[in-house]
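My notes follow in the order I took them.

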Amino acid sequence: MIVKKLHASGIRAERAYTAGFLSIGMSVITRCASPSVEKKGEERADRLGIFVGEWAPTFFALGLALSTCEK
C-alpha cells in the first residue's frame, strides 16, 4: 500500500537506488568527519556512521519494491 502511494506520487526505483548509494557515501563521510567536528569521541563517530549506513538497505529494499510495482 505504501509502495503504491509512493509510486503514484512519482517516486521511481532509480531514485530509491540513488538514495541508497548516497547514504553509503554519507556514512563514510560522517564516520570520517565526525571525530574532528564533534569532539565527542571515536565511539560516537562509529555509531553515527553506522546509523546513517543503515539507511542504505532500506532504500535498496524500497527500490526493489518500487521496481516490481513499475512492471
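Predicted model: local features only at pLDDT ≥ 70, side-chain atom pairs only at ≥ 80, totals over all residues.

How do the axes of helix 3 and helix 4 cross? They cross at roughly 0° and come within 5 Å. Angles under 35 degrees count as roughly parallel, and helix 3 and helix 4 are therefore roughly parallel to each other. I noted both the angle and the distance, because two packed helices are described by the angle between their axes and the distance between the axes.

I then listed the residues that meet. From helix 3 they are Phe-51, Val-52 and Gly-53. From helix 4 (residues 55-70) they are Trp-55, Ala-56 and Pro-57.

Next I checked the length of helix 3. It has 12 residues, 42-53, and should span 16 Å at 1.5 Å a residue. Its end C-alpha atoms are 16 Å apart, so the two agree.

Which residues of helix 3 are buried? I found Ala-45, Gly-49 and Val-52. Seen down the axis of helix 3, the buried residues fall within an arc of 65°, so they line one face of the helix. On the face of helix 3 turned away from the buried side I found exposed Glu-43, Arg-47 and Ile-50.

I moved on to Gly-63, which sits in helix 4. Is Gly-63 buried or exposed? It counts as buried, because its relative accessibility is 0% and the cut-off is under 20%. Leaving out residues up to four places away in sequence, Gly-63 touches Ala-13, Ala-16 and Tyr-17. I also looked up Arg-12: Gly-63 and Arg-12 are 51 residues apart in sequence, yet their C-alpha atoms are 7.4 Å apart in space.

Ser-23 was my next stop, in helix 2 (residues 13-38). Its relative accessibility is 1%, so Ser-23 counts as buried. Which residues does Ser-23 contact, aside from neighbours within four places in sequence? They are Val-52, Trp-55, Ala-56 and Phe-59.

Last, the cysteines. I searched the whole structure for disulfides and found zero. Cys-32 counts as exposed, because its relative accessibility is 59%. Cys-69 has 28%, so it counts as partly exposed.

How values were computed:
Residues numbered from 1 in each chain as written. Heavy atoms only, no water. Helix = DSSP H or I, 4+ residues; strand = E, 2+ residues; numbered from the N terminus. Expected span 1.5 Å × (residues − 1). Buried < 20%, exposed > 50% of the residue type's maximum accessible area, 1.4 Å probe, protein only. Arc of directions from axis to C-beta. Disulfide = S-S within 2.5 Å. Axes fitted to C-alpha atoms, helices over the stretch in contact; angles between N-to-C directions. Parallel < 35°, antiparallel > 145°, perpendicular 65-115°, else oblique. Contact = heavy atoms within 4.5 Å.
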